[in-house]
Amino acid sequence: MTAGTDAHARAVLDKAAHENFPVAPFFVPRSWRADLMAIYGYARLVDDIGDGDLAPGGRDAELLGLDREQADDRLAMLDAFEADLGRVFDRTGTGPRHPLLLRLRPTVRRCGLTPEPFLGLIEANRQDQRVRRYATYEELLAYCELSANPVGRLVLGVTGTLSPERIRRSDAICTALQIIEHLQDVAEDLSRDRIYLPAEDMQRFRVSESDLALATSGASVRALVAYEAERAGDLLNEGTPLVGSVHGRLKLLLAGFVGGGKAALKAVAAAGHDVLPGPPKPTKLSLLREVGATLRREG
């Protein structure tokens with residue numbers, strides 16, 4: 001890997017410091033941290049492709065074997081990215097072209113990971129190019145099955161703790177975290193012509209798309225956000241026993257995910273469920289309190 005491509009990969013990984021929830025905190029074992037960051041790099045890059053947030057200049061397109069001018073063709077980029085993912089799992093070839101996928105290859109082999117979760121994340125970003133509104137809550141859950149749940153399954157795979165019950169709990173947590181992020185980012189998503197609030201719920205609370213474009217939320221928008229937040233909280237509670245099913249540093253890591261979600265929900269509530277001026281964010285103290293409470297309950 002050249003210095004230029006390595007710097008390019010680091011620029012993507014540096015975004016980890018600005019994520020809502022801890023990606024690979026200092027307390028996890030070094031081997032886990034390297035594998036979790038490899039998975040984060042993959043997930044971050046595929047989301048950047050889907051959102052059109054790649055670094056300017058077309059370097060990612062070139063790394064994936066496309067012309068630099070094709071960097072803005074999101075579907076072509078996702079197809080090329082999926083082809084490069086295939087090289088991660090191909091034991092006979094020379095390996096993937098993109099440096100972040102090259103970093104992923106040892107993780108996949110060491111942890112025995114399968115292609116399905118990685119493919120799910122690609123498909124979620126393809127869906128983002130075709131689907132910009134969700135009619136029902138069930139449709140939104142199906143999207144989260146692609147966009148969020150694979151990440152939790154990969155964490156369980158890296159830590160060697162996969163089981164059907166843990167996958168079920170993990171899926172509930174990951175879906176909740178995705179919905180919470182959607183609630184925080186209503187205004188930003190609308191600027192991308194995307195709405196992740198189910199249309200049936202918007203109709204029930206008499207919320208129009210023009211209501212979501214205002215600088216602050218009216219009473220109907222606040223009521224809708226409170227309703228969706230309660231649903232996300234129920235999902236978090238459903239998934240929380242996952243924390244008590246594991247031990248050691250993994251318990252602390254998972255408590256961080258759950259506590260982060262609960263702290264974010266409290267921040268949304270503290271803002272009066274007015275998410276339109278900008279995403280309500282929890283303080284570090286609030287986050288630590290929720291992590292501690294989760295550990296006490298599930299310890």
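A residue is called buried here when its relative accessible area is under 20%. In this predicted model, helix 7, which spans residues 137-147, has as its buried residues Tyr 137, Leu 140, Tyr 143, Cys 144 and Ser 147. Because these residues cover an arc of only 115 degrees around the axis, they lie on the same side of helix 7. What covers them includes helix 6 (115-130), helix 8 (149-158), helix 9 (164-184), helix 11 (199-204) and helix 13 (219-239).

| Helix pair | Angle between axes | Distance between axes |
|---|---|---|
| Helix 13 and helix 15 (residues 248-270) | about 160 degrees | 11 Å |
| Helix 2 (residues 30-51) and helix 8 | roughly 155 degrees | within 10 Å |

With an angle of about 160 degrees, helix 13 is therefore roughly antiparallel to helix 15, since angles over 145 degrees count as such. The crossing of this pair is left-handed. Helix 13 contributes Val 225, Ala 229, Ala 232, Gly 233, Leu 236 and Asn 237 to the contact, while helix 15 contributes Val 258, Gly 261, Lys 262, Leu 265 and Val 268. Sorted by class, the residues of this contact are 7 nonpolar, 3 polar and 1 charged.

For helix 2 and helix 8, the axes cross at roughly 155 degrees, which means that helix 2 is roughly antiparallel to helix 8. Helix 2 passes helix 8 in a right-handed crossing. Their contact is formed by Trp 32, Asp 35, Leu 36 and Ile 39 of helix 2, together with Leu 154, Val 155 and Val 158 of helix 8. By class, this contact has 6 nonpolar residues, no polar ones and 1 charged residue.

Note on methods:
Residues are numbered from 1 along each chain as its sequence is written. This is a predicted model: local features need pLDDT of at least 70, side-chain atom pairs count only at pLDDT 80 or more; totals for chains, interfaces and linings use all residues. Side-chain values use heavy atoms; hydrogens and water are left out. Buried means under 20% relative accessible area, exposed over 50%, partly exposed in between (1.4 Å probe, protein chains only). Helices (H or I, at least four residues) and strands (E, at least two) are DSSP runs, numbered from the N terminus. The arc is that of the directions from the helix axis to the C-beta atoms. Contact means heavy atoms within 4.5 Å. Axes are lines fitted to C-alpha atoms, for helices over the stretch in contact, and angles run from 0 to 180 degrees between N-to-C directions. Angles under 35 degrees count as roughly parallel, over 145 as roughly antiparallel, 65 to 115 as roughly perpendicular and the rest as oblique. A crossing is left-handed if the near helix is turned anticlockwise from the far one by less than a right angle, and right-handed if clockwise. Ala, Val, Leu, Ile, Met, Phe, Trp, Tyr, Cys and Pro count as nonpolar, Asp, Glu, Lys and Arg as charged, and the others, Gly among them, as polar.
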